[in-house]
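I opened a new notebook page for this structure. The entries below follow the order in which I looked things up.

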Amino acid sequence: MCRYAICAILAGVILASCDNIQGPSAGVQTQTYRQAVAQYDAGNYAAALPGLRMAAYQGNADALVKLGKCLEQGLGVEKNEYEAAGCYSKAAGAGNAAAMNLLGNMYADGLGVSRDIRKALSLYETAAAKGDGAALNNLGTCYRRGEGVPQDEARAADFFRRAAEQGNAAGMCNLGLCYLHGAGVEQNEDMAREWISRAAAKGNKSAINHMRNFNW
């Protein structure tokens, strides 16, 4: 059997469910994986999948996160939120903060898993303790809305600030909105403009819209 036929078979059977993956917590950065990452970054998701699956099978946490995103969003593969959650869970178990945050989102929204805001918060908190900006922003959102925790605008603003300081664009935008409306912080339009403009410069769509709406 030719090499390409073997690869095709392997791609079809490896990683039927990420929950069943065995292997080390971090896969080797092989040339095949680097090529898969290049394809993923270029948006060629179908071409990236075989390499991502191989690396994920070896326990590469970054590959598990990328594969999970493909499965969750249907990028180059049929959407499968259950398997996506399994990928995130495996990577989170290896200590990957981004995976913890993404799995938290799945629990918060009930995608691929039963909705459980307490589990979502626990995952956000663990990822935030590792300095994950997206998780810090999600915690801020929970406190702003009072989801799973008492509503607390001051704590929300603090989490948004910490997320912004980590370079998280959503956190920057949310912190700017806190300053704009005086939510949890003293109202300050100059600070609002600064943070929202910084978020817009990073491509945050909400921030870009606010910049247009306020004619900043």
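Before the entries on helices, I note the term: a helix here is a DSSP run of H or I with at least four residues, numbered from the N terminus.

**Entry: confidence.** I am working with a predicted model. I looked up the pLDDT and found an average of 89 for the protein, with 87% of the residues scoring at least 70. Residues 1-28 have a pLDDT below 50, and beyond near neighbours in sequence this stretch has 45 contacts in the model.

**Entry: helix H6.** I took H6, residues 97-109, and compared its length with what its residue count predicts. Its 13 residues should span 18 Å at 1.5 Å a residue, and the end C-alpha atoms are 19 Å apart, so the two agree.

I then asked how many of the 13 residues of H6 are buried. The count is 10, and H6 is mostly covered. Among the buried residues are Met100, Asn101, Leu102, Leu103 and Tyr107. I looked up what the buried residues of H6 pack against and found helix H4 (61-73), helix H5 (81-93), helix H7 (117-129) and helix H8 (133-145).

Asn96 caps the N-terminal end, with a side-chain oxygen 3.1 Å from the backbone nitrogen of Ala98. Just after H6 comes Gly110, with a positive phi of about 70 degrees.

**Entry: helix H10.** I repeated the steps on H10, residues 169-181. The 13 residues of H10 should span 18 Å at 1.5 Å a residue; the end C-alpha atoms lie 19 Å apart, which agrees.

In H10, 11 of the 13 residues are buried, so the helix is largely enclosed by the rest of the structure. The buried residues include Met172, Cys173, Asn174, Cys178 and Tyr179. I found that their cover includes H8, helix H9 (153-165), helix H11 (189-201) and helix H12 (205-213).

At the start of H10, a side-chain oxygen of Asn168 comes within 3.2 Å of the backbone nitrogen of Ala170. After H10 I read a positive phi, near 65 degrees, for Gly182.

**Entry: cysteines.** How many disulfides does the structure hold? I found 0. I used Cys70 to see why: the closest cysteine sulfur to its own is that of Cys87, 9.5 Å away, which is too far for a bond. The cut-off for a disulfide is 2.5 Å between the sulfur atoms. I also looked up how covered two cysteines are. Cys70 is buried, at a relative accessible area of 0%, and Cys142 is buried at 4%.

**Entry: aromatic pairs.** I found 3 aromatic pairs in the structure. One of them joins Tyr40 and Tyr45, whose ring centres are 5.4 Å apart; the planes stand at 80 degrees, so I wrote this pair down as edge-to-face. The cut-off for that label is an angle over 60 degrees. Tyr40 counts as buried at 12% relative accessibility, whereas Tyr45 counts as partly exposed at 26%.

Is the pair of Phe214 and Trp216 stacked or edge-to-face? I recorded it as stacked, with 4.9 Å from centre to centre and 20 degrees between the planes. Phe214 is partly exposed, with a relative accessible area of 36%. Trp216 is partly exposed too, with a relative accessible area of 26%.

Technical notes: Residues are numbered from 1 along each chain as its sequence is written. Side-chain values use heavy atoms; hydrogens and water are left out. Helices (H or I, at least four residues) and strands (E, at least two) are DSSP runs, numbered from the N terminus. The expected span of a helix is 1.5 Å times one less than its number of residues. Buried means under 20% relative accessible area, exposed over 50%, partly exposed in between (1.4 Å probe, protein chains only). Contact means heavy atoms within 4.5 Å. A polar contact is a pair of N or O atoms within 3.5 Å; within protein, one must be able to donate a hydrogen and the other to accept it, and residues adjacent in sequence count only if both atoms are side-chain atoms. Rings of Phe, Tyr and Trp (its six-membered ring) pair if their centres lie within 6.5 Å; planes under 30 degrees apart count as stacked, over 60 as edge-to-face and the rest as tilted. pLDDT is the predictor's confidence in each residue, from 0 to 100.
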